[in-house]
Each structure stands twice: as structure tokens, then as C-alpha cells.
Amino acid sequence: MRTRIVVACFTVVGLLAVLASSASALTLGTTTLPAGATAGPCFSAFLVQQATEPAGQYVVPAGGGQITSWSTNAEGATAGTPLTFLALRPGVPGSYTVVGSDSETLPAGGIATFNIAKPIAVNAGDVIGLYSTTTTAFCFFTGGSSAADVVSAGPAGAPTPGATYTTKESGPTDLVNVSANLVQSQDVVLAGAATPATMVAGGASSYLFTVTNSGPAANPINFADAVPAGLTILAASAGSGNCAIAGQTVTCTIPNLAVGASAQVSILVTASKLGIYTDTATISSTLPDPNSANNTVGATLHVARALSCKLVNLKGTPLAVAKTVISALGCKVGKVTKKASSGVTKGFVISTSPGSGVTKPVETAVKIVISSGPPKHKKKH
């Protein structure tokens, strides 16, 4: 009997979903003999299921994930028979690259299930299959004329991650005797800050939120933000995603964020009223998230009169006017003291500290010395 390598591609269909503690588990493939099919030994082969038979249940669905275990029907197998599980990624038409593998030895009969020591990370569209160096690995022969396995050429020996195979010719139909447990979860992480953190009233600043997909799956990520009242939203964007603005609410969808990648959501705002505005945003995935504590973050924006406080000459200014000017310059009124002065009218400013021309941080307290009037002279006796 000649050795051959069998591969094919297929389409995505609905799969059985079972909710686990912190992830969604899907069963790919089958170890059950379909109605009307017969079981028998496969050629020693590199086997991946054709699209049309069965209708795609061996494909990794949207979101990807991690394959944690696999099973095969070992009925009729000799104990100790080697068998390798494969995860493959279709490339250009007729090309498949090995993403991961797990080599085991079969028991004598029954459904054999193997846990994978280091789960295999897979993407949507990847496929599962088998590699056998013997003819004792059973396939389920389904017959029919509409489907055909494809014989492939590739590196000699057992497939290893990174090895690529290309299709070459056709053979008879069969159903690969393998199933796998695919765990889907997505840890999405949100960080944020206002840039600049302080702005002048009437100016503009951005709330910048960084969305990170820590995986292991890659599903669309939803972003929601109720921007505080008092701020006017000028624009919102989300990298390769789309954003919508409805009143004070910004919602965005980031559809194509790979595992380990980040995208930035930017919300440009302005404000006319002074104050401190804390904006809280949240992200979510349609997959279970093992750590929802990192899905929400707040960013704080300080709206002030000025970014700095630079004093002008207030000598000779009435106290009430000086207080108004100091506030308008982005400073605040500090301690007011009195001092006798023959040159400055009572109630008017003699000096300030800091003085004229000095630049200080916003909200710096300015001490004011005002005139209490001319010095009082003692009467001579």
C-alpha cells in the first residue's frame, strides 16, 4: 500500500458550544461514525477534511482560540500505535502550513483523548487533522462523488510547526477520525489618560484610551464611553474600527485586533466651564473574559483658565479689581495683608507675591499687600 498525504480545505458551519468556567468550549471534528458510513484503516497519511464532506465541522470558527485536547476512535488499533494531531493554516490555494502538533501513542480500542501540554493557539479558518505513519488509524468512509481528498507534497517525516504542504492530486472520499476541544476566551484590557491633562477653557484635549487584546482568541471588541456633561465632543476615532457619537455617548467597534495587538480610541473634547472632568470608559468582547476587572478605566481632565499663571503689575489697583485680574490670569487670591503707605491710596494694592512678570503654575496663590492709608504720626507735646 502506498503512502500518501491527504489534505483539503472547507467552510465554517455551526458548532456545538458549551460554556466553561471562564471560556467557551467548542468541539471540532468527530469521532462518531456517521449514519451510512463505514469505518476502516486510513492510508498512512497527512489527513485534513475536504470542505464538502462533512460541511466544515473541522474548521476553527470566528475568534480563534486554543486547542487544549483532542480525541480519536482507536477501535481496532494496536496499543502503542503512533498518531499525531495537527493544526493547519490554509495559505494560497492548495497550500497548508502546520501551526502546531501533538504526537501520542494509541491505546487498544475505544475513544482515546489526549490533553495537550502546551495548548495550540489557532486562528479563525485554521483546520484540524491527523498524521499517521501506519495504516491502523481508522477513517470513516462516507462515499459519494461530490468530494475528493487532495494528495499533497511536503517535507519528509512527521509534520512539524512551520512546515508547508501543497496540493497535488485527488483520491477517494473519507471523514477524518479526529475531534478537538477549542477553548475560546478573550482577555481585553483598557488603559486611558487625558492628553493634555490640563487645558484652558475653550481649548481642546483628547481622552486617549488604549484597547489591548491579550487573547487567546481574537473577536471584535466593543468600546462604550459616557462623556461627562459639560464637555463638548468634537470627534471620535478608533484606529481601524468605527465610532458613533450620540449625545454624550461614544461607542466604537474594533473588529480586527490580533492577539497581543493594541488600538487607540481618541475622543476630542472642548469645554467652556472650569472644572475637573473624569471620563470612564468600558470595553467588552462577545467571548467570555477571564479578567473583567481590567475592562474599565477612568481618565481625568482639568479645565482651567490658563495653563500657567503670569502676574501683571497690579500696584495702585483697587483690591476688588486685583482679585478679578488674578483669577482671570489663572492664579488664585492668597492672603491679603495691610500696610501703611503714603504713596498708595487706602484699599489699593501696594505689591503682590509673586510679582509682576513672574510665571507660576496654574492656581498659584498670590499674596496681596494693600494700603491701610498714610502712616499715623504721633502728636508732639
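What is the handedness of the link of C309 and C331? With 85° about the S-S bond, this link is right-handed. The close-ups below come from a predicted model, in which local features need pLDDT of at least 70, side-chain atom pairs count only at pLDDT 80 or more, and totals for chains, interfaces and linings use all residues. Residues are numbered from 1 along each chain as its sequence is written, and side-chain values use heavy atoms, with hydrogens and water left out.

**View 1. A disulfide joins C309 to C331.**
A disulfide is a pair of cysteine sulfur atoms within 2.5 Å. Here the S to S distance is 1.3 Å. The pair links distant parts of the chain, 22 residues apart. C309 sits in strand β25 (residues 308-310). C331 sits in the loop between α1 (319-328) and β26 (332-339). Helices (H or I, at least four residues) and strands (E, at least two) are DSSP runs, numbered from the N terminus. C309 is buried, at 0% relative accessibility. C331 is buried too, with a relative accessible area of 2%. Buried means under 20% relative accessible area, exposed over 50%, and partly exposed in between (1.4 Å probe, protein chains only).

**View 2. C243 and C252 form a disulfide.**
The structure holds two disulfides. In the pair shown here, the sulfur atoms of C243 and C252 are 2.1 Å apart. The torsion about their S-S bond is about 105°, so this disulfide is right-handed. How exposed is C243? C243 is partly exposed, with a relative accessible area of 27%. C252 counts as buried, at 2% relative accessibility.

**View 3. D126 and R89 meet in a salt bridge.**
A salt bridge is a side-chain nitrogen of Lys or Arg within 4 Å of a carboxyl oxygen of Asp or Glu. By this rule the count comes to one salt bridge. The N to O distance between R89 and D126 is 2.8 Å. The pair links distant parts of the chain, 37 residues apart. D126 lies in the loop between β9 (111-122) and β10 (127-131). R89 lies in strand β7 (residues 82-90). D126 is buried, at 1% relative accessibility. R89 is partly exposed, at 31%. Side chains of opposite charge can pair when their charged atoms come close.

**View 4. D279 is buried yet has no salt bridge.**
D279 belongs to strand β23 (residues 275-285). Lys and Arg count as positive and Asp and Glu as negative; His and the chain ends are not counted. Which side chain of opposite charge is nearest to D279? It is K273, 18 Å away. D279 touches several residues, including Y207, F209, D225 and V297, not counting residues up to four places away in sequence. Contact means heavy atoms within 4.5 Å.

**View 5. Four strands form an open sheet.**
The order is β15-β17-β22-β19, with antiparallel pairing. The edge strands are β15 (186-195) and β19, and each pairs on one side only. Two strands pair if DSSP finds at least two bridges between them. Strand β17 (residues 204-216) pairs with β22 (residues 262-270) over nine bridges. F209 stands opposite V265 in β22. The bridge partner of S205 in β22 is V269. Strand β19 (residues 232-237) pairs with β22 over five bridges. A236 has I267 in β22 as its bridge partner.
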